[in-house]
Structure formats: C-alpha cells, structure tokens
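Hi,

Here is the structure I said I would pass on. Have a look at it first, and then read on for what turned up.

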Amino acid sequence: MNKKSYLDKIGTKDALLVKVNAARNDKKKIVFTNGCFDLIHAGHIRYLAEAKALGDMLIVAINSDSSVRKLKGLSRPIVEERDRAEVIAALEMVDQVTIFDDDTPVQLIANIKPDIHVKGGDYKAGDLPESGLVKENGGTVVILPFWKGRSTTDIIAKIMKSKDIQ
C-alpha cells in the first residue's frame, strides 16, 4: 500500500513551484499565507480553514527559526521550524508547506504569484510589504478576522503567569 504521507506536503521552493504550476494549469485558485505558527492554537486552525475556503490550493509558508528570532526576539520560536512545518502539513485544509528564511515572503510570492494572499486581522493590507506585488501580479490580499485571545503570545504569557503562581 503506497499511501501518501502528510509529510509529502512539505517541500522546497522549487518543488512547490512545480506543484503550483500544475495546479494553475488545472485552473485551480492558489491561496497563500505565511507566518511563524509557533504554538498551534484554535485561532490558527480557524484562520487556515477560512483561508482554504477562499480557493483550491492552500500554501503555507513558515518562517524559519532565524527569521522568527528576528521578528519575535531571541526566546522564539518555541518549536523548531521542521516540527512547525510538520504540524501544519498534518492539517487537512493545508495542501503545501514550505519554510522561508527571509524577513518577508516577498520573494516567495514573486515566484508563486498567488491568486489570493491571506493574513490575519492583526495586519492591515496597506502595511504588508508584499501587498503591492500581489496586486501587480493580478492577485488579491484578504485580511481575515483576528480571533481575540487566540495567539501564541497570549499562550506564552499565560504559561509564564501560571509558573509565577506556583
């Protein structure tokens, strides 16, 4: 029995581009999102489900460990990049996962040219360095609602507070 593994969803940029081109040839709508996805929580799941509902192929680009440290500080990420990619790949709504090392996903978006680029409600489309590029390539930027109280930062703060209580 040669059953496809969820790990097959994780690939390099070049392998991803082959799959994107095949999907595009099949007239599928490509949805792209990116983030740290450090400690997976209900906010992430809701966000990814909503992103998937916007198209046919959901690509999730995960910040590398070094780019997370630049964005969030030296204490992050909590979970290393390969494990974060594996957890995201195991989600049924996710079709492809890749890890990127840049500060922003601009170069990846330039190569993929998604139909829709999705970010969470803690962002504004005009503040995203990739917005102009997405639009230049004929795509749309969609900002999904932020799920109040559902964030990795909140979880870490709660853990630290409970540690102080004991």
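The chain has 7 helices and 5 strands, and in sequence order they run α-β-α-β-α-α-β-α-β-α-β-α. Keep in mind that this is a predicted model. The radius of gyration is 16 Å against 15 Å from the globule rule for 166 residues, so the chain is as compact as a globular protein of that length. Its C-alpha trace spans about 55 × 50 × 25 Å along the principal axes.

Now the sheet. The 5 strands make an open sheet with parallel pairing, in the order β3-β2-β1-β4-β5. At the edges sit β3 (96-100) and β5 (140-144), each of which pairs on one side only. On average, neighbouring strands are turned by 25° against each other, ignoring direction. As for β4 (residues 116-120), it pairs with β5 in the parallel sense over 5 bridges; glycine 120 has leucine 144 in β5 as its bridge partner.

Two helices to look at against that sheet: α1 (residues 13-25) packs on it and touches β1 (30-35), β2 (57-63) and β3, with its direction at about 160° to that of β2. Helix α2 (residues 42-52) lies across β1, β2, β4 and β5, and runs at about 140° to β2.

A few totals to finish. Of the 166 residues, 40% are buried. Among contacts with a separation of 6 or more, 75% are between residues 24 or more positions apart. The accessible surface is about 9,300 Å², and carbon and sulfur atoms account for 53% of that.

Cheers

How values were computed: Residues are numbered from 1 along each chain as its sequence is written. This is a predicted model: local features need pLDDT of at least 70, side-chain atom pairs count only at pLDDT 80 or more; totals for chains, interfaces and linings use all residues. Side-chain values use heavy atoms; hydrogens and water are left out. Two strands pair if DSSP finds at least two bridges between them. Helices (H or I, at least four residues) and strands (E, at least two) are DSSP runs, numbered from the N terminus. Axes are lines fitted to C-alpha atoms, for helices over the stretch in contact, and angles run from 0 to 180 degrees between N-to-C directions. Contact means heavy atoms within 4.5 Å. The radius of gyration is taken over C-alpha atoms; the globule rule is 2.2 Å times the number of residues to the power 0.38. Buried means under 20% relative accessible area, exposed over 50%, partly exposed in between (1.4 Å probe, protein chains only). Accessible areas come from the Shrake-Rupley method with a 1.4 Å probe; for residues, only the protein chains shown count as cover.
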